Amino acid sequence: DESFTAQQAIDHCRQLQLEQTGREFIHYTFQIPVAIAIAKIASDFSLLELKTIDNDAFRSHVITKDFWSGWRHYRNEAANNKSRMTLVSFNGRTFDIPLLELAAFRYGIDIGDWMSDKGPPYDQPRNRFNNASHLDLQEVITNFGATRFKGGLNLLANLLNKPGKMGIAGHMVQDLYAQGELKKINDYCRCDVLDTYFVFLRIKLLCGELSLQRESELVDQTLDMLRNNAADDPVYGQYMASCEAWQSPW
């Protein structure tokens with residue numbers, strides 16, 4: 001019943017969030033996706049590709065549709081090859097995926113493959129404990145919420161001597177969007193995905209699926225890829241400049 005302009009409503013909501021949670025980050029139910037970065041990882045855990053969706057037009061409905069279409073494509077491709085495709089995120093179960101499900105609701109997009117309740121509950125794509133479908137690295141670290149992990153992805157990346165947040169945090173995206181700085185949002189997302197990838201490798205080492213030597217090889221291989229693409233994507237050069245070699249105590 002308030003006669004707010006759109007910007008006043010956003011400012012009011014952020015102030016309420018700040019008072020209630022200590023952060024200006026608006027709850028996902030009031031958000032739409034404006035940028036998505038995705039890393040494609042091979043079965044040997046090497047990084048094949050890092051891309052953003054609809055990065056010239058930044059259309060929320062297209063970004064949402066292309067994300068779910070891509071998920072379906074790679075899932076079907078894996079099934080045809082008698083393998084599996086796993087979606088990997090950090091805190092994706094409580095933010096990224098609910099936001100994208102809500103966006104599909106908003107834009108009228110069929111995501112029946114993902115929402116399916118067919119088969120045994122433990123095998124359904126959205127089941128919280130189905131790591132084969134969606135591996136949320138925060139869930140791994142906290143034993144599915146049994147503990148609270150302070151510091152988030154930023155801290156885990158820093159423990160590996162990777163940059164973490166490079167001057168931009170999630171609550172700042174709204175202002176960047178209002179200022180038309182859409183490329184900066186894409187760059188922020190790509191760096192977040194790189195941090196997630198390096199944390200993913202260490203998690204796989206924890207789980208006994210990767211040796212320390214192989215992890216080091218994959219990290220070096222990825223940094224070489226970034227170095228080779230830095231001329232076209234300056235953000236990779238900035239990311240590299242903030243990286244330091246992880247010092248093994250062994």
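Residues are numbered from 1 along each chain as its sequence is written, and side-chain values use heavy atoms, with hydrogens and water left out. Because the model is predicted, local features need pLDDT of at least 70 and side-chain atom pairs count only at pLDDT 80 or more, while totals for chains, interfaces and linings use all residues.

**Exercise 1.** Locate D54, decide whether D54 is buried or exposed, and list its contacts.

*Solution.* Begin with the secondary structure, in which helices (H or I, at least four residues) and strands (E, at least two) are DSSP runs numbered from the N terminus; D54 falls in the loop between β2 (47-52) and α2 (60-80). Next, take the relative accessible area, where buried means under 20%, exposed over 50% and partly exposed in between, with a 1.4 Å probe and protein chains only; D54 has 17% and is therefore buried. Finally, with contact meaning heavy atoms within 4.5 Å, D54 touches R59, V62 and I63 once residues up to four places away in sequence are set aside.

**Exercise 2.** Describe the largest nonpolar core and state which residues in it touch the most other members.

*Solution.* A nonpolar core is a set of buried Ala, Val, Leu, Ile, Met, Phe, Trp, Tyr and Cys residues joined through side-chain atoms within 4.5 Å. The largest has 39 residues, of which I185, L194, F198 and L201 touch the most other members. At least two residues come from each of β2, α6 (152-159), α7 (173-178), α8 (182-206), α9 (212-229) and α10 (234-241), and α8 gives the most, with 13 residues.

**Exercise 3.** Classify the pair W68 and W114, and work out which parts of the chain the pair ties together.

*Solution.* Rings of Phe, Tyr and Trp (its six-membered ring) pair if their centres lie within 6.5 Å, and planes under 30 degrees apart count as stacked, over 60 as edge-to-face and the rest as tilted. For W68 and W114 the centres are 5.5 Å apart and the planes 45 degrees, so the pair is tilted. Because W68 lies in helix α2 and W114 in helix α4 (residues 112-115), the pair ties together parts that are 46 residues apart in sequence. Both residues, W68 and W114, are buried, and together with F67 and W71 they form one aromatic cluster.
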